[in-house]
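Trainee: Hi! Could you walk me through this one?
Mentor: Happy to, let's take a look together.

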Amino acid sequence: MMSHLKESFAARGSETPAAMRASPGALAAKVRTMAPSMTRSMQRVAETVAGDPAGCAQLTVTGLAERTGTSEATVVRTSRLLGYPGYRDLRLALAGLAAQQASGAAPSVTADIAVDDPISDVVAKVALDEQQTLADTAAGLDTTQVEAAVAALATARRIDIYGVGNSALVGQDLSQKLLRIGSVTHAHADPHLAVTTAVQLRAGDVALAITHSGSTVDVIEPLRVAFDRGAVTIAITGRPDSEIAQYADHVLTTSTARESELRPAAMSSRTSQLFVVDCLFIGVAQRTYETTAPALSASYEALAHRHSPRPRTR
């Protein structure tokens, strides 16, 4: 089992989605997402190319290494971590990103929310951050992985969802949506219950884990058990190179806006996670439309009377 795990993880890590290589937006999203988990030297490279794509697109690998005070090997490793086979592919993406920025299509980085900002500024800044988070997540998602996850969910005998804290709320949201269209779905926030139910999974079942860090033990453990039992496993995470990915057949990468004192990462990670689960739900609903449409109508009619205004009593 462990040899199969290592082989599949190595194979997935070597794949580079065409959309990721071609999309300038994907590069900017990837830099924002991956920078916190990089070494300091790799961060310098990533932040430099994101901050000045036009200038860096003109540099050779040696030139970029000199500009960032790193080595050529560090530049190449950073390129690969960002999803490119080599520095040449990264330079092509930088040129595309520079052209996008020159056209005015790329949004500027949102300023941090200050403690004395008026509420009107808070609303505007949060809205812009949320928009950037959604745009980054959409740009960085591998649609091949999304398609595969949707296919597994649509035909699953049973679906278990794991998440703790903020991610547990997202898991409950997906579970409730899937339940409305007839899926046998369970969302587990209790790590002990998650593991004991994961033991019951087998081929034909799906286990979906949600963890922004990708290192939450209470989420990794049940997904590992489900993986060992032969279930199809899906991870929604902001760190595609983290431990959770070792036990996931399909990895769906989320993005977050910059963290600040008044806007912790949990806020933007929730936004991106909800976006991904909505995409999954819509995909499943499309594939199962003949049964989904009447199921949604039936649930709506069953609850309609609870939304009707009640007559006032004197």
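**Helices, a loop and a sheet**

Mentor: This is a predicted model. To begin, Val-61, Thr-62, Leu-64 and Ala-65 in α6 meet Glu-72, Val-75 and Val-76 in α7.

Trainee: What classes of residue make up the contact of α6 with α7?
Mentor: That contact has 5 nonpolar, 1 polar and 1 charged residues.

Trainee: And at what angle do the axes of those helices cross?
Mentor: Roughly 100 degrees, with the axes of α6 (residues 61-68) and α7 (residues 72-81) coming within 8 Å. Angles of 65 to 115 degrees count as roughly perpendicular, so α6 and α7 are roughly perpendicular to each other.

Trainee: New topic! What is the order of the strands in the open sheet?
Mentor: The order is β2-β1-β3-β4-β5, 5 strands with parallel pairing. From one strand to the next, the twist averages 15 degrees.

Trainee: Which strands stand at the edges?
Mentor: β2 and β5 (250-253) do; each has a single partner strand, so one side of each is left without a neighbour in the sheet.

Trainee: How many bridges link β1 and β2?
Mentor: There are 4, in the parallel sense, with β1 covering residues 159-162. Tyr-162 stands opposite His-188 in β2.

Trainee: Which strands does α13 lie across?
Mentor: Helix α13 (residues 217-228) lies across β1, β3 and β4, and runs at about 160 degrees to β3.

Trainee: Last one: is Ser-183 buried or exposed?
Mentor: Buried, because its relative accessible area is 16% and the cut-off for buried is under 20%. Ser-183 sits in the loop between α11 and β2. Leaving out residues up to four places away in sequence, Ser-183 touches Ile-159 and Leu-178.

Conventions: Residues numbered from 1 in each chain as written. Predicted model: local features only at pLDDT ≥ 70, side-chain atom pairs only at ≥ 80, totals over all residues. Heavy atoms only, no water. Axes fitted to C-alpha atoms, helices over the stretch in contact; angles between N-to-C directions. Helix = DSSP H or I, 4+ residues; strand = E, 2+ residues; numbered from the N terminus. Parallel < 35°, antiparallel > 145°, perpendicular 65-115°, else oblique. Contact = heavy atoms within 4.5 Å. Nonpolar A, V, L, I, M, F, W, Y, C, P; charged D, E, K, R; others polar. Buried < 20%, exposed > 50% of the residue type's maximum accessible area, 1.4 Å probe, protein only. Pairing = 2+ DSSP bridges.
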